[in-house]
Amino acid sequence: MGLAAAAFAALSEAVVFLSHFKDLPDPRQAGKVIYPLDEVLLLCLLAVLAGAETFVDVALFGEKKLNLLRRFRPFRDGTPSHDQLGDIFATLDAVKFQHCFVSWVASLTGAAAEVIAIDGKTVRRSFQKKGAKAPIHMVSAFAARQRLVLGQVKVAEKSNEIVAIPALLDMLAIEGAIVSIDAMGCQRDIAEKIVAKKADYVLALKGNQGTLRQDVELFAAEQKANGFKDTEVSHHQTVDGDHGRIETRTYTAFHDIDWLKERHDWPGLNGVVMVESTREIGDKIEREPGFTSRRWYGWPTSLAPSSAAIGQSRTASTGSWT
C-alpha cells in the first residue's frame, strides 16, 4: 500500500470512529470551547493506541504528535493539557459515551457470530481503607476471538451483577453470538433477554439454582453410571497445560431433556452440558508425586447440544464432538 493510500485509509478510519460519537452531547458552553470534542476524542484514541494510560500520557502525546493529529483535524489551538482533558471528560454523560463506544467497537468486530464471555472482576487497588472507599467492580463483555472488550458496566459490589448484566446486554449487538456467563448470570430473566436478542447462551449452573442443579446432577450421574445407553449424548474433550498443571475437561451434552423443560421452563433451553474437570498437579522439581482433583459443572444452554461451540465457548482449545 502506497503512502497516499495508507493516509487515506487512516483518515477514513478516523471519520468512521468520530461518526459513532457525533450524537454525544457536549455540555460545554459553545462560545467558550477551545478544544472541539471531536478533536479531543481523536487525540485520546490515537494516544491510547500508542500506549497512553493516563491523561498525562495523552497530553504528552498531543504535544509531541501535533503535526500527525493535524492530518485528521485542524487542532487550531493545539491540544489540551492533562488537567483540561480531565475537566472535559468529567462533563460528558458516561452512559451515552459508553453507548457510542460500544457502537464503534461493534462496527470493528462485524457480525456477532462469535463467543462473548460476560464476567465480573474487581479492579485491583481500587479499595481504600482510608475514607472507606469500596472496591470498584466491573462487569465486562469480552469477544473471545478478537480478544476485545465490547462493553463494561460498573457496579457497587459483586451481588449487583444480576442487575448489571441485563444493562450490559442492552448495550450490545449480540445477534448470532454465543453468550457465556458464570453462575451469577444463571437467571431466567437473563436467559430470556439473550434469546430475545437472537443470541444463544451457555450459563454455568451452581448452587444458586438449587433444584435445577440437583435435577441435572442426578440425571447426569444416572446416565453416566449406565454408560449413557438410555439417552442421546455428544462428547468433547480438551487438554490445557499451564502453571505447572494439566487440566483435562470432558464435556457431555445431553440431547433428550424434555422432562427438564417441563419441570423448570427455562427460556430457549435446548440442552444441558455436564463438564468434568480433572487437574493433575505435580511438584515443580518432581520430589513428590502429583495429585489429581476432580470438579463437576453443569451448563444449561440454548444451543443445539451437538454443537462443538458449547465446549469452545468455555475454552480456547479446539476439538471435535463425537
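Does Trp259 count as buried, partly exposed or exposed? The model is predicted, and in it the relative accessibility of Trp259 is 31%. Because buried requires under 20% and exposed over 50%, Trp259 counts as partly exposed.

**Aromatic pairs around Phe219**

Seven aromatic pairs turn up when the whole structure is searched. One of them joins Phe219 and Phe254 in an edge-to-face arrangement. This pair links distant parts of the chain, as Phe219 belongs to helix H9 (residues 210–225) and Phe254 to strand E7, 35 residues apart. Both partners are covered: Phe219 is buried at a relative accessible area of 14%, and Phe254 is buried at 1%.

Phe219 also pairs with Trp259, and that pair is tilted. Trp259 sits in helix H10 (residues 258–264) while Phe219 sits in helix H9, so this pair ties together parts 40 residues apart in sequence.

The geometry of the two pairs is set out below.

One aromatic cluster is made up of Phe17, Phe21, Phe55, Phe89 and Phe97.

**Strands E7 and E8**

Strand E7, which holds Phe254, covers residues 245–254 and runs antiparallel to strand E8, with ten bridges joining the two. Within this pairing, Thr252 has Met274 of E8 as its bridge partner. Strand E8 spans residues 271–281 and is mostly covered, with eight of its eleven residues buried.

**The chain as a whole**

The protein chain contains eleven helices and nine strands. It has 322 residues, and 41% of them count as buried. Among contacts in the chain with a separation of 6 or more, 55% are between residues 24 or more positions apart. The accessible surface of the chain comes to about 18300 Å², and carbon and sulfur atoms account for 54% of that surface.

How values were computed:
Residues numbered from 1 in each chain as written. Predicted model: local features only at pLDDT ≥ 70, side-chain atom pairs only at ≥ 80, totals over all residues. Heavy atoms only, no water. Helix = DSSP H or I, 4+ residues; strand = E, 2+ residues; numbered from the N terminus. Buried < 20%, exposed > 50% of the residue type's maximum accessible area, 1.4 Å probe, protein only. Contact = heavy atoms within 4.5 Å. Areas by Shrake-Rupley, 256 points an atom, 1.4 Å probe, with all protein chains shown as cover. Pairing = 2+ DSSP bridges. Phe/Tyr/Trp six-rings, centres within 6.5 Å; stacked < 30°, edge-to-face > 60°.
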